[in-house]
Number of protein chains: 4
Amino acid sequence: MGMVGGGRGAFIGGVHRMAAALDGQIELVCGAFSSNPEKSKASAADFFIAPERAYGSFAEMIETEKKLPEDVRMDVVSIVTPNHVHFAPAKMALENGFHVVCDKPVTFTLAEAKELEKLVEETGLIFALTHNYTGYPMVKQAKAMIKNGEIGTIRKVVVEYPQGWLATKIEDSGQKQAAWRTDPTKSGASGCMGDIGSHAENLAEYITGLKIKELCADLTTFVNGRLLDDDGNVLLRFEGGTKGILHASQISVGEENDLNIRVYGTKGGLQWRQMEPNTLLVKWMDKPTQIYRTGVGELSPEANAHSRIPAGHPEGYLEAFANIYRNVAFCIQARLKGEEVNPLYADFPTVSDGVRGMEFIGKLVESNEKGAAWVAL
Amino acid sequence: MGMVGGGRGAFIGGVHRMAAALDGQIELVCGAFSSNPEKSKASAADFFIAPERAYGSFAEMIETEKKLPEDVRMDVVSIVTPNHVHFAPAKMALENGFHVVCDKPVTFTLAEAKELEKLVEETGLIFALTHNYTGYPMVKQAKAMIKNGEIGTIRKVVVEYPQGWLATKIEDSGQKQAAWRTDPTKSGASGCMGDIGSHAENLAEYITGLKIKELCADLTTFVNGRLLDDDGNVLLRFEGGTKGILHASQISVGEENDLNIRVYGTKGGLQWRQMEPNTLLVKWMDKPTQIYRTGVGELSPEANAHSRIPAGHPEGYLEAFANIYRNVAFCIQARLKGEEVNPLYADFPTVSDGVRGMEFIGKLVESNEKGAAWVAL
Amino acid sequence: MGMVGGGRGAFIGGVHRMAAALDGQIELVCGAFSSNPEKSKASAADFFIAPERAYGSFAEMIETEKKLPEDVRMDVVSIVTPNHVHFAPAKMALENGFHVVCDKPVTFTLAEAKELEKLVEETGLIFALTHNYTGYPMVKQAKAMIKNGEIGTIRKVVVEYPQGWLATKIEDSGQKQAAWRTDPTKSGASGCMGDIGSHAENLAEYITGLKIKELCADLTTFVNGRLLDDDGNVLLRFEGGTKGILHASQISVGEENDLNIRVYGTKGGLQWRQMEPNTLLVKWMDKPTQIYRTGVGELSPEANAHSRIPAGHPEGYLEAFANIYRNVAFCIQARLKGEEVNPLYADFPTVSDGVRGMEFIGKLVESNEKGAAWVAL
Amino acid sequence: MGMVGGGRGAFIGGVHRMAAALDGQIELVCGAFSSNPEKSKASAADFFIAPERAYGSFAEMIETEKKLPEDVRMDVVSIVTPNHVHFAPAKMALENGFHVVCDKPVTFTLAEAKELEKLVEETGLIFALTHNYTGYPMVKQAKAMIKNGEIGTIRKVVVEYPQGWLATKIEDSGQKQAAWRTDPTKSGASGCMGDIGSHAENLAEYITGLKIKELCADLTTFVNGRLLDDDGNVLLRFEGGTKGILHASQISVGEENDLNIRVYGTKGGLQWRQMEPNTLLVKWMDKPTQIYRTGVGELSPEANAHSRIPAGHPEGYLEAFANIYRNVAFCIQARLKGEEVNPLYADFPTVSDGVRGMEFIGKLVESNEKGAAWVAL
């Protein structure tokens with residue numbers, strides 16, 4: 001694996017490296033860790049990468065690695081830069097025959113996302129998007145139960161993603177993560193909703209298997225002087241008559257990273273919280289609620305395939321994130337051996353999820369600009 | 001106290017009786033417990049009421065009691081009938097000089113509510129509306145903390161009221177509580193939102209001290225053949241720029257009675273759940289969340305005035321309900337003695353909260369009929 | 001009902017009054033609320049009791065009431081004084097034909113308890129002991145499930161009762177509740193263990209239906225200058241090979257009133273906490289834990305008979321306490337009518353539970369004095 | 001790193017590999033993964049290890065690696081075999097100049113443990129014992145707060161470790177993990193208490209900084225035909241008068257891996273649960289309990305040094321385990337560079353913790369054999 005971005009001081013780059021390393025299936029062999037060649041090389045040394053494979057730019061990395069022998073060169077490019085620097089390296093990687101793992105949102109604009117989708121289709125290469133929250137075992141379990149009809153026809157979905165870290169204007173204080181996320185030239189058309197609202201959308205559609213058809217979005221910028229939304233409340237209408245609520249916030253003081261979802265069907269209900277991810281509450285009509293837990297009892301094959309250790313040994317964010325990398329590795333290994341991959345491992349977000357996310361963000365902004373009017377998605 | 005409704009088999013009548021009895025300040029001395037005189041008398045015997053004070057109708061009760069000596073006759077009429085039978089006894093009670101405690105929503109129509117409001121104003125009598133959830137000590141605490149500025153300027157409010165008991169058409173099976181609540185001739189213009197959405201509205205405005213100015217409501221009837229909404233999702237805009245979400249449901253399978261609220265200000269956040277009512281989570285920026293608990297530490301005088309027993313001895317729904325009755329009793333006693341009541345006890349929902357609730361319900365229905373458009377409140 | 005003790009400023013007296021009033025089955029008609037006749041009369045007025053039935057002493061109350069007509073005089077004496085003043089009024093009440101409800105522990109000494117037990121046997125009168133925690137619906141449910149064999153043969157019991165309010169020497173600051181509880185001339189041979197450890201013992205034996213056969217108790221007085229234990233850790237051996245742990249504390253800083261129990265059998269496990277009393281966790285081998293809740297689904301008749309309101313409307317400490325009074329009332333009413341009481345209502349702690357508790361306390365002290373040696377019970 | 005044990009089908013071997021890989025500081029370069037050379041080689045291929053470094057025995061591995069150039073050969077031996085096969089490879093590794101990471105308990109007998117301790121002292125090599133639960137950030141926080149005096153003088157400790165997976169005789173069904181743990185020739189003198197009770201002891205002494213001085217242990221074998229204890233209840237007396245309770249169980253049906261601890265001091269209390277490891281409850285006298293969370297607010301340097309990602313992104317078992325490996329790596333790197341390691345990273349369990357654990361297990365067995373008598377430790 002080669003990495004674009006993620007040098008010293010970055011947050012998500014480290015997450016990708018740990019996620020890729022965890023299962024021993026992927027080795028970080030090269031990288032263009034910074035647009036500054038000096039910084040890139042310094043970072044490479046931190047990661048025990050040979051100096052000759054610490055590149056000054058993603059273009060240099062892709063061109064050089066391409067010429068290396070097949071058993072030496074990287075197989076996959078991991079892109080962990082801010083949003084506005086996803087498209088170029090992803091495009092070039094695909095055009096040069098490398099698989100891609102890309103942080104979300106997939107691109108800066110919808111048009112770019114569609115172009116990448118077309119490229120993936122043409123090349124047949126793997127493109128994984130790290131909507132990592134779908135990697136949790138209990139999210140897999142929820143999806144499987146809904147697919148199997150265990151909770152009946154879905155009526156209502158409530159998905160929330162409150163955070164509080166941007167409740168004040170910390171982007172002015174040099175907080176790097178805050179700075180680019182609140183900058184429309186780096187983050188895109190939306191702030192909070194693009195950054196985390198899109199995770200909520202992805203989670204809701206992934207678990208329920210239903211598409212949002214209409215939405216009504218009331219976005220707000222609460223912090224004075226900020227240029228992008230830092231909070232959003234959205235009414236949803238899914239295909240088939242399911243109704244929903246999605247809200248996300250970065251000004252909800254005291255909230256950490258509380259992505260959570262509740263789904264109610266004609267037979268039962270499901271509730272999952274990212275901050276206690278190994279628990280799935282399963283609710284029934286006139287019967288006690290059940291506490292499904294990672295590793296306990298007869299779970300779905302989908303859940304079990306994404307858990308590593310016995311019940312009661314909590315698996316967390318990095319393990320869920322690692323499930324994407326491990327699944328990508330298994331898919332690549334299968335291709336190299338000319339085998340079919342076990343379908344349980346073929347499950348990770350793709351470029352099409354990225355296109356969907358960009359459409360969603362665009363429609364949120366459109367609805368909001370119309371005074372929180374209903375728009376079709 | 002005399003009671004209208006609440007005979008054998010009723011639910012909320014029993015609640016009112018227990019709530020009135022708990023603190024030993026109010027004695028149930030008479031009642032018109034049923035529109036059927038036989039049933040009314042039989043019920044009276046269950047409650048150890050003298051046969052001569054078991055009346056066949058509320059009119060008979062009010063007329064007869066009025067003629068009794070002052071120290072014998074009832075002081076207050078408690079109205080616990082279905083919604084469409086609130087107005088007439090309330091009006092007559094007020095017109096004959098009796099204080100009123102009335103179940104919510106206050107009336108069947110907004111016009112009736114306004115008429116009662118006018119009567120209360122003219123007579124100066126006490127009219128308490130049992131939006132009982134505002135009676136919890138930790139709700140008082142939340143209100144006091146916001147009023148004192150402890151969490152700063154309010155930015156966002158999320159209030160939810162999910163239930164699951166009407167997820168199937170149990171009104172067809174003879175379930176009495178379900179039958180009248182889903183019948184537009186008894187319940188009013190809205191089902192779920194009138195029954196419980198109005199509690200959520202009352203709680204949000206009570207705690208924050210802010211008025212809802214605009215709303216956008218997407219109401220749904222999920223159960224086939226039902227005539228009123230059984231679910232509703234609402235975007236809110238409060239005065240001063242505060243944004244909000246309110247959703248209520250009676251088809252959220254597996255949910256019991258999970259009224260809850262989260263409020264986020266510029267300095268902190270608050271979270272309260274009716275099903276664990278003695279806990280108030282208080283959230284801070286970059287500091288640990290605090291678990292405020294009924295009876296622990298230095299709470300507000302408002303909270304302490306509405307709690308009876310030491311910390312860790314859980315007080316519940318009936319105690320919160322009883323706070324309304326006790327406060328009404330203290331107010332009446334003060335009047336009888338010609339004293340001012342302690343302002344801590346003058347705090348209970350009134351006919352004006354009832355008018356507000358009827359306006360809210362009307363606007364929800366109007367918004368929904370316009371395709372979930374924004375309407376001003 | 002007539003009351004002994006519980007005048008102005010008392011804690012448990014108010015609890016007994018509210019508990020007795022809640023269900024409208026018992027009326028407080030007289031009392032000897034204080035050993036000071038002036039204070040007794042003043043308190044009586046607070047409770048709307050006729051001045052002529054405000055007595056200066058329990059002896060006066062019992063003698064005078066006995067002479068009143070049957071339909072006027074009290075039926076039952078409620079004793080809510082400190083421990084050392086339980087025996088005399090209880091004895092006199094029984095000797096004069098009155099039923100008794102008595103706070104726990106039943107007496108100051110084991111000998112007194114046994115004398116009362118004998119008197120109850122001889123008179124056939126009702127003697128209820130307010131080990132109130134057994135009154136919770138979910139405690140009834142736990143007992144029923146164990147009795148029905150649902151969790152198999154019991155192997156292990158863990159019962160805890162931590163409080164923190166005596167972590168400093170507040171008895172020196174005039175705190176009345178602390179003062180008598182830490183005074184060996186009023187409280188008895190043990191402090192913490194007598195006050196709350198005995199609740200834990202009662203709960204464990206009640207739920208499991210098993211008797212403790214041996215114990216090993218390490219009691220401690222952590223606060224300098226205090227004369228009685230304020231903490232105790234106990235190993236238990238029950239009949240049939242069940243093992244257990246019981247610990248109670250009044251110096252566990254930050255704990256409110258956290259009585260809780262876990263029971264493990266060959267088939268399943270149960271977990272209940274007094275501070276969230278409407279939840280019973282039911283644990284299974286290789287299957288999801290279930291959250292049993294008051295009022296949800298098909299509970300045992302025992303649980304349902306001790307709950308008043310629908311699921312999700314939390315019932316608390318006073319409701320559980322009231323279950324004892326209501327059951328006593330139903331038993332007395334049945335006797336008066338010459339009927340058999342429904343066995344569901346014949347379930348409340350009796351003088352024999354009191355004797356058991358006194359034996360338990362005695363053995364704890366004996367074990368501790370022997371250096372925490374094993375002693376038979 | 002070279003590994004002893006942990007071939008295909010093993011549990012803890014995989015955990016060690018993931019823990020070692022997570023932070024990119026340690027590379028698995030060789031191993032003797034099985035006593036069966038064929039199996040060892042097959043396993044090595046799974047882990048992408050060169051065939052020539054897949055050894056048939058630990059002795060072969062140590063001898064061969066020793067001869068490799070310094071920059072090629074392994075630095076550290078990771079021992080993940082069952083308990084009775086810890087001593088020999090650990091001894092040989094130390095004697096040949098390799099650092100050791102060893103699973104717990106350190107050895108089969110106390111004598112072996114002491115011999116290793118002596119060897120470590122003589123060689124100056126690093127010996128880390130994977131009492132992994134001390135690696136959690138909130139455990140570090142708890143230890144730091146106690147050390148800093150924030151909760152005052154410790155009075156009471158309650159540490160529990162319930163599991164339910166051995167509630168039936170699954171060792172007869174071919175469950176490999178159960179088989180050796182219940183076999184006295186492989187596990188040692190104790191079953192449950194050796195396997196998990198020793199974790200509880202280690203956690204309690206680590207967090208409080210206090211040594212257990214006396215104990216009274218009631219161990220039980222509940223499952224018929226099993227040869228070692230599967231449950232144990234223990235009273236503790238620490239130095240300085242602190243009292244405690246420790247209980248562990250493998251027959252507590254429905255419990256997963258619920259290690260938890262409560263510590264009460266004169267000023268405050270702490271509560272931590274392994275199954276929700278990013279939360280530390282901090283309790284105060286007459287003030288609200290605080291929810292300390294990994295990554296939130298101003299935590300101790302010790303906590304922050306053992307956390308990788310922002311608040312609300314749950315870190316779990318593998319991350320805590322990885323903290324041991326990362327700290328070992330940092331210590332080795334510092335030695336190689338001739339630098340002092342940052343003391344924050346010098347914190348991991350050592351061979352001396354292993355000796356302590358073996359003493360503890362021995363005393364538990366001794367106490368139990370004497371009828372649960374008090375013995376000094």
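**Interfaces and sheets**

Chain C and chain D bury about 3,300 Å² between them, and 52% of that is on carbon and sulfur atoms. Buried area here is the accessible area, taken with a 1.4 Å probe, that two parts lose on being put together, summed over both. On the chain C side, Arg155(C), Lys156(C) and Val253(C) lose the most area to chain D, together 20% of what that side buries.

Some ground rules. This is a predicted model: local features need pLDDT of at least 70, side-chain atom pairs count only at pLDDT 80 or more, and totals for chains, interfaces and linings use all residues. Residues are numbered from 1 along each chain as its sequence is written, chains are lettered from A and ligands numbered from 1 in the order in which they are written, and side-chain values use heavy atoms, with hydrogens and water left out.

Back to C and D. The contact takes 45 residues of chain C and 45 residues of chain D, where contact means heavy atoms within 4.5 Å. How many salt bridges are there between chain C and chain D? The count is ten. A salt bridge is a side-chain nitrogen of Lys or Arg within 4 Å of a carboxyl oxygen of Asp or Glu. One to look up is Arg262(C) with Glu160(D), whose closest N and O atoms are 2.6 Å apart.

Polar contacts next. Across this interface of chain C and chain D, 20 residue pairs are in polar contact, both at pLDDT 80 or more. That term means a pair of N or O atoms within 3.5 Å; within protein, one must be able to donate a hydrogen and the other to accept it, and residues adjacent in sequence count only if both atoms are side-chain atoms. The side of chain C that touches chain D divides into 17 nonpolar, 17 polar and eleven charged residues. Ala, Val, Leu, Ile, Met, Phe, Trp, Tyr, Cys and Pro count as nonpolar, Asp, Glu, Lys and Arg as charged, and the others, Gly among them, as polar.

Now chain D with chain B. Eleven residues of chain D meet eleven residues of chain B. The area buried between them is about 800 Å², with 68% from carbon and sulfur atoms. Salt bridges between chain D and chain B: zero. Residue pairs in polar contact: two, both residues at pLDDT 80 or more. Strand 13 (residues 287-293) of chain D gives the most to the side that touches chain B, with six residues. Helices (H or I, at least four residues) and strands (E, at least two) are DSSP runs, numbered from the N terminus.

Which way do the two copies of strand 13 pair, parallel or antiparallel? Strand 13 of chain B and strand 13 of chain D pair in the antiparallel sense, over three bridges. Two strands pair if DSSP finds at least two bridges between them. Find Gln290(B): Gln290(D) stands opposite. In general, strands of a sheet pair through backbone hydrogen bonds.

Last stop, inside chain D. Five strands form an open sheet in the order 2-1-3-4-5, with parallel pairing. Its edge strands are strand 2 (30-32) and strand 5 (127-129) of chain D, each pairing on one side only. Strand 3 (residues 76-79) and strand 4 (residues 99-102) of chain D are joined by four bridges. There, Val77(D) stands opposite Val100(D).
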